[in-house]
Protein chains: 2
Amino acid sequence: MIRLFVSADLAQGVALALDHGQSHYLTSVMRRDVGDEVLVFNGRDGEWRTAIEVAGKRGVILRPLALERPQAFGPDVDLIVALVKRSRIETIVEKAAELGARRVRLAITERTNAERTRVDRLSAIAAEAAEQTGRLDVPEIIEPVKLGKLIDGWEASRRLLFCDEAGDARPVLDALAGAASAPWAILIGPEGGFSPAERERLRNLPYATPASLGPRILRADTAAISALTLWQAAQGDWRGLEVS
Amino acid sequence: MIRLFVSADLAQGVALALDHGQSHYLTSVMRRDVGDEVLVFNGRDGEWRTAIEVAGKRGVILRPLALERPQAFGPDVDLIVALVKRSRIETIVEKAAELGARRVRLAITERTNAERTRVDRLSAIAAEAAEQTGRLDVPEIIEPVKLGKLIDGWEASRRLLFCDEAGDARPVLDALAGAASAPWAILIGPEGGFSPAERERLRNLPYATPASLGPRILRADTAAISALTLWQAAQGDWRGLEVS
């Protein structure tokens, strides 16, 4: 069944008007009509089964029928990625949504060619991926911030898995073995790597765990997907089969 | 330093003529000239440091100077993927190269919309990714074969990690814990999943280990990258820091 992420509140019987884009998608692209059912979620009120009540020129109106799944969230893990070129950042955001990241933070490092990025477009990609992957929330995409500033404002309880391709760090699974259950963040550097000064600072953070992603050089999108996968397998919701 | 995959034999002092595409890339795109050094590998003779001897209209000639790394191969793991749409198959091939797959086998399953694929183009993508990632071989891309035929011709000693999204399989790391060191293959289904008959057959293969990739629905490219990552971490060359 089609799943849509919406911003409006969801409650039994309260009609829901879709915007132009989603109305068009449902009726013109997917050929749905009055009476057809659609799942919707907003990241707050769980997943609702709804039926199309109106499908007209002014858009689609849905009627919520039943709460299918109460609101739940996956593990509290952020993905922090240095800005890379657009197609790879878009892949990273799509995959972060599928792999259950709670937030994606964009970082500007010394070796980042800080091209601008459109956070609104990345948020739309995150929402679409969340619809497809079945999660009940959409990862928040956070505007680019300089890495130093991000570290200055770090929340004390959050651990940091620092993927350090240059160093002699242990493999991720070894590095995470026995690690505390806590909020985490995973940091992926730019394709040129971190500068020596950045590595030095990162390695000395008391909440940071450096880790290696194997013997080959990985592109930033591959590194992000692999690191998030290993974190979910060691610390997150891939350990058992709990549905997030 | 630039790395190039070539087909010719590599030996001390034996001049090597690059084809038009690689000559153009070196001189016009990367602005290299006579005397500049380039690394080359062919998947048989190791990685050689070479110098540009001629850079003319008829192409580039390289002179091998020294063997930098003797030929070596990563773990013997195949990735078997059902054909999916072109952009995702291309991503899968690029990532399989970075993540150290020895071969990529394309499979046609019951729910595959068996569009044709260009194996020559996928091989070029694999070669380019191998150049960038630093490995000494290029994953072989094997023409699409029906899944049933692939199983009929299975080599007896190869284990199969069967990523089963529909079932109640154990997480990959649990499924691989204590598994024999052997040649392996990882099988990723099409986006519509395996048919019940296919699942039944796969689950009953004596060499197959079913495994789950977490609680969310993954696209085929994400599933391939995640499964290969976990296999490398549990069974392959991500366990230590041996360089393949």
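Me: A charge sits over a ring if NZ of Lys or CZ of Arg is within 6 Å of the ring centre and within 35 degrees of the ring normal. In this predicted model, how far is B:Arg3 from the ring centre of B:Phe41?

Reply: B:Arg3 lies over the face of B:Phe41, at 4.3 Å from the ring centre. The distance limit is 6 Å, so 4.3 Å meets it.

Me: Where does the charged end of A:Arg3 sit?

Reply: Over the ring of A:Phe41, 4.3 Å from its centre.

Me: What makes the pair of B:Trp154 and B:Tyr207 stacked?

Reply: The angle between the planes is 5°. Planes under 30 degrees apart count as stacked, so this pair qualifies. The rings are 5.0 Å apart, centre to centre. That is within the 6.5 Å that a pair requires. Over all chains, the structure holds 6 aromatic pairs.

Me: Why does this pair tie together parts that are apart in sequence?

Reply: B:Trp154 lies in the loop between helix H4 and strand S9 of chain B. B:Tyr207 lies in the loop between helix H6 and strand S11 of chain B. The parts are 53 residues apart in sequence, so the pair ties them together. Both residues are buried.

Me: Why is the pair of B:Phe162 and B:Phe194 called edge-to-face?

Reply: Their planes stand at 70°. Over 60 degrees counts as edge-to-face, so the name applies. The ring centres are 5.5 Å apart. B:Phe162 lies in strand S9 of chain B, and B:Phe194 in the loop between strand S10 and H6 of chain B. This pair ties together parts that are 32 residues apart in sequence.

Me: How do you know whether B:Phe162 is buried or exposed?

Reply: Its relative accessibility is 0%. Buried means under 20%, so B:Phe162 counts as buried.

Me: What is the relative accessible area of B:Phe194?

Reply: It is 8%. That too is under 20%, so B:Phe194 is buried.

Me: Which residues touch the most other members of the largest nonpolar core?

Reply: A:Leu79, A:Ile186, B:Leu79 and B:Ile186, in a core of 88 residues. B:Leu79 touches, among others, B:Ile92, B:Val104, B:Ile186 and B:Leu228.

Me: How do you know what relation chain A has to chain B?

Reply: A rotation of 180° superposes chain A on chain B, with 0.0 Å of shift along the axis and an RMSD of 0.0 Å. That is the relation of a two-fold axis. The same surface serves both copies, as 98% of the contact residues of chain A recur in chain B.

Key
Residues numbered from 1 in each chain as written. Chains lettered and ligands numbered in written order. Predicted model: local features only at pLDDT ≥ 70, side-chain atom pairs only at ≥ 80, totals over all residues. Heavy atoms only, no water. Core = buried A, V, L, I, M, F, W, Y, C linked by side-chain atoms within 4.5 Å. Buried < 20%, exposed > 50% of the residue type's maximum accessible area, 1.4 Å probe, protein only. Contact = heavy atoms within 4.5 Å. Least-squares fit on C-alpha atoms with pLDDT ≥ 70 in both. Helix = DSSP H or I, 4+ residues; strand = E, 2+ residues; numbered from the N terminus. Lists of a residue's contacts leave out its neighbours within four places in sequence.
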